[in-house]
Amino acid sequence: MKLFKSAVLIFLSALFVANFANAEPEKKNEQQNPKKSTQQNSNKNQQVKKKQAEDKNLKQFNANVAIRLVSAQVINQNQKQIFELIYSVENKANKRDIKSVNWVGAFLYNNEVFFAQDIPIIFEQPLKRKTKNNVTVTIPFELIPAQAQAILLNPQTKINNLVGAKNITFTNGAKIEVK
């Protein structure tokens, strides 16, 4: 039993010494080059602030507008195939009318994005506060990648949609940009 206790004690001591030895060079490097450590902290702080600003803008975007895909279908128009998307756009703002809104429509199959489209909308008449409007977007089918075309043409394919916020411009000139 004494042999076992001695072996465990030696092992733990060796582990402690090895751990302490690995920790020391980092401290020495920080002492020798404090600028590098300060720069790293500064970069981390900037990244955190940027992320917080992005989150704030995303929250503002979502608080002011709701975008929902109503339908997506491939149709024939003038002997050409077109991918027709109908979105419901709701202005949830209490005080501001929306002049334009821009988002990315991403289409998923088996939880993977197979097609994404930038969708900029400029309203002919501003979208009044607390109102909804359906917006139709058409994409010529030949502009869609071949793999995406095959998925869209298969009637048994279950496709999901995500809306990626980009920006809103209000009639008073205020903007919300999500990066």
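Asn 110 is exposed, at a relative accessible area of 60%; exposed means over 50%, buried under 20%, and partly exposed in between, with a 1.4 Å probe and protein chains only. The residue sits in the loop between strand 3 (98–109) and strand 4 (112–127), and its phi is positive, about 55°, although it is not a glycine. Most residues other than glycine have a negative phi.

This is a predicted model, where local features need pLDDT of at least 70, side-chain atom pairs count only at pLDDT 80 or more, and totals for chains, interfaces and linings use all residues. Residues are numbered from 1 along each chain as its sequence is written, and side-chain values use heavy atoms, leaving out hydrogens and water.

Next, Lys 130. Phi is positive here too, near 60°, and Lys 130 is in the loop between strand 4 and strand 5 (132–140). Lys 130 is exposed, with 53% relative accessibility. Strands are DSSP runs of E, at least two residues, and helices are runs of H or I, at least four, both numbered from the N terminus.

Three strands form an open antiparallel sheet, ordered 1-2-5; two strands pair if DSSP finds at least two bridges between them. Strand 1 and strand 5 are the edges, each pairing on one side only. Between strand 1 and strand 2 there are 12 bridges. Val 65 stands opposite Asn 91 in strand 2.

Last, helix 3, residues 146–153. Which of its residues are buried? Ala 148, Ile 151 and Leu 152. These pack against strand 1 (65–77), strand 2 (80–91), strand 3 and strand 4, where contact means heavy atoms within 4.5 Å.
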